[in-house]
Amino acid sequence: MEHADIRAALEGHWAASDLGDLEAEHLIYREDAVLDYPQSSERIRGRLNIQRSRAAQPNQKRFAVRRITGSGDLWVTEYVLTYDKRPFYTVSIMEFADGLVARETQYFADPFAPASSRAQWVERLP
């Protein structure tokens, strides 16, 4: 798969995720894909199980992509995942094989207040 094709697939994946389109959202995964959530020590095996686990989540979700970067078979997406109006800063690392995601690892971080000790060197992000 070419660089532009993978980027387009990722953009389509995150757009479908934001719309709640579970079918389109999971087209990017291989049948035997593996999804890891290191912070909760969870692993989900198989595209169908990944899709079912996401369908079972009761939260209202929104996805705002900040940056997609990568090359070859390794791609990273930084985005803000909002669950029921609460933002989580998220990183998704996707490893492709044969044009589809074979493995994904997602990391989640809560927002936190800035430290006053470094205020003189800091510029606030939008």
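Which helices and strands do the buried residues of helix 3 pack against? In this predicted model, local features need pLDDT of at least 70 and side-chain atom pairs count only at pLDDT 80 or more, while totals for chains, interfaces and linings use all residues. Residues are numbered from 1 along each chain as its sequence is written, and side-chain values use heavy atoms, with hydrogens and water left out. The buried residues of helix 3 pack against helix 1 (3–19), helix 2 (22–25), strand 1 (29–37), strand 2 (42–45), strand 3 (61–71) and strand 6 (100–109). Contact means heavy atoms within 4.5 Å; helices (H or I, at least four residues) and strands (E, at least two) are DSSP runs, numbered from the N terminus.

**Helix 3**
- Ile50, Gln51 and Arg54 are the buried residues of helix 3 (residues 47–55), where buried means under 20% relative accessible area with a 1.4 Å probe, protein chains only.
- These residues lie on the same side of helix 3, because they cover an arc of only 95° around the axis, taken from the directions from the helix axis to the C-beta atoms.

- Six strands form an open sheet of order 2-1-6-5-4-3 with mixed pairing; strands pair if DSSP finds at least two bridges between them.
- Strand 2 and strand 3 are the edge strands, each pairing on one side only.
- From one strand to the next, the twist averages 20°.
- Strand 3 and strand 4 (residues 74–83) run antiparallel and are joined by 10 bridges.
- Ala64 stands opposite Val80 in strand 4.

**Helices on the sheet**
- Helix 1 lies across strand 1, strand 3, strand 4, strand 5 (86–97) and strand 6, running at about 170° to strand 3.
- Helix 3 packs on the sheet, and its direction makes about 50° with that of strand 1.
- Axes are lines fitted to C-alpha atoms, for helices over the stretch in contact, and angles run from 0 to 180 degrees between N-to-C directions.

How values were computed: Buried means under 20% relative accessible area, exposed over 50%, partly exposed in between (1.4 Å probe, protein chains only).
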